[in-house]
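Biologist: I would like to learn how to read a model like this one. Could you walk me through it, one feature at a time?

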Amino acid sequence: MNPLPAKYTTTDTDAMLVQRATAGEARAFELLVIKYQRRVERLIGRMVRDVDLVPDIAQETFIRAYRALPQFRGDAQFYTWLYRIAVNTAKKHLMDLKRDPVMTLSSLESDDDDETSGNGLAQRLGATDDETPEAVLASKEIAQAVNEAMDALPEELRQAITLREIEGLSYDDIAQALDCPIGTVRSRIFRAREAISNRIKPMLDRQAGKRW
Amino acid sequence: MNPDQTNRPSISTDELQPPVSDAAAAMVSAWMDGDELAVASVADRLGNLSDADIDSWHSYHLIGDVLRAGSPAGFLCSDVARSSARAQAYARSIVQQASAAPLTAASPVTGAAGVTLIEADRSPNLSGAPAANDSVFRWKMVAGFASVAAVAAVAWSVVGGNGLLPDQGAVLAAAPVNRGSVQSVGGTTQFLASAPEPVWVSTPQGVVLRDPRMEELMRTHRQSGGGPALQVPAGFLRAATHDAVQR
């Protein structure tokens, strides 16, 4: 039995945060920054050669986005809009610095904003130039820990979080696929996340003292 | 029976067993997936989210990024190891910098509180903010008197009450055409001195009403209005001419 309406989309969360940030709640925009910081920096890292430029361009991207929030009409997803700002900001920096991008912008645009497509892009590129050896090592350690935690999860938890995070299914779709109530799906996904988080948190705390 | 209770014992190790009472983290987990009830619940306390909530938000999204990347090289970025505290500090600094820097004129301004801070940095000429002396009534009176005085000065100069003799040609142009005024100029055009009233003239075409000034003009400029406009007579066209005899 499902007493909840079958509307589960991440865009609802983003839309709420954008609305609240536009209304003046800085915390809402902070959450958006925390959520999309990695994606934005990774995107910018593929466009510029100099790894030192990535934080600056990412910072300018978020500042521009914050100032332009009232212009965000909500026609597209927030990250699509943020992606465009990031690309334009990186282009501007490249123009200013008379540098050539690592790859053509057209190929980036074809990849759009999805993480899965970004995965393929990264694989085509191999090791990107925006990574320091320390970052590569730390990232591998974290990825290994996440994968090990995933393997250690019970099957139902692993299925639930896989369908959610990798396949991008809604709670309703996952409930149908796993033939269980939405409340169960919600609980399984949370428990899976919490279990993985417990595995990587000590690693994150240890790395926090380093500069990447 | 709660189905969650049936699932919970299936977790293999204690390490993977989350705290049962961690309802806030569960709410964050559902919220980041867009669960409608969770969105509504968190929306009510968005400004009061605890550090633990932010930690959950950070780590859950990091996990999602790693899982979607598939391989270690796929999610690598310079700040992947950044802790939740550092991420919060970074996000906070972004908002502070965006609020501190002046807003561009092209950016729309809303009545939102967060944007009002930026609005205060804008130039007074662009912001439309009230003037510093807006609350002083006597300045409004001064502005009113100045406006009335300016209108009065313009009106006085237009009416001609400034005591200066206007240009004679302008007077001639502005004066109505009548016998007295033309005569005062010196009678250079005699026909104007004749009666301006239209007169009835008997012509071969019948009695017509004509302006005597036009008749005088025709007589004076006969050399330019003598012949018909059409050299070859056309039966269906009436040849125009200024010659009264031929008309």
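Biologist: Leaving aside its neighbours within four places in sequence, which residues is A:Leu82 in contact with?

Modeller: Keep in mind that this is a predicted model. The partners of A:Leu82, once those sequence neighbours are set aside, are A:Tyr36, A:Val40 and A:Ala65. A:Leu82 also belongs to the largest nonpolar core, which has 78 residues; with A:Ile44, A:Tyr66 and A:Val146, A:Leu82 touches the most other members. Twelve residues of this core come from H2(A), the largest share.

Biologist: How do helix H2 and helix H4 of chain A pack?

Modeller: For a helix pair, look at the angle, then the distance, then the residues that meet. Helix H2 (residues 26-47) and helix H4 (residues 78-97) of chain A pack at about 35°, and their axes are 10 Å apart. The crossing of H2(A) past H4(A) is right-handed. On the H2(A) side, the contact is made by A:Tyr36, A:Val40, A:Leu43, A:Ile44 and A:Met47, and H4(A) brings A:Tyr79, A:Leu82, A:Tyr83, A:Ala86 and A:Ala90. By class, these residues are ten nonpolar, no polar and no charged.

Biologist: Now a pair from two chains: at what angle do helix H3 of chain A and helix H5 of chain B cross?

Modeller: Helix H3 (residues 53-68) of chain A and helix H5 (residues 84-100) of chain B cross at roughly 60°, and their axes come within 9 Å. H3(A) and H5(B) are therefore oblique to each other. H3(A) passes H5(B) in a right-handed crossing. A:Gln59, A:Phe62, A:Ile63, A:Tyr66 and A:Arg67 of H3(A) meet B:Ile94, B:Val95, B:Gln97 and B:Ala98 of H5(B). The residues of this contact are six nonpolar, two polar and one charged.

Biologist: What about the backbone: where is A:Asp179 found, and is A:Asp179 buried or exposed?

Modeller: A:Asp179 lies in the loop between helix H9 (171-178) and helix H10 (182-208) of chain A. Its phi is positive, about 55°, although A:Asp179 is not a glycine. A:Asp179 counts as exposed because it has 7 C-beta neighbours inside 10 Å, and the cut-off for exposed is 12 or fewer.

Biologist: Finally, how many helices and strands does chain B have?

Modeller: Chain B has twelve helices and two strands. Along the sequence, the pattern is α-α-α-α-α-α-α-α-α-α-α-β-β-α. Of the 247 residues of chain B, 20% count as buried. Among contacts in chain B between residues at least 6 apart in sequence, those joining residues at least 24 apart make up 24%.

Notes:
Residues numbered from 1 in each chain as written. Chains lettered and ligands numbered in written order. Predicted model: local features only at pLDDT ≥ 70, side-chain atom pairs only at ≥ 80, totals over all residues. Axes fitted to C-alpha atoms, helices over the stretch in contact; angles between N-to-C directions. Helix = DSSP H or I, 4+ residues; strand = E, 2+ residues; numbered from the N terminus. Left-handed = near helix turned anticlockwise from the far one by under 90°. Contact = placed C-beta atoms within 7 Å. Nonpolar A, V, L, I, M, F, W, Y, C, P; charged D, E, K, R; others polar. Core = buried A, V, L, I, M, F, W, Y, C linked by C-beta atoms within 7 Å. Parallel < 35°, antiparallel > 145°, perpendicular 65-115°, else oblique.
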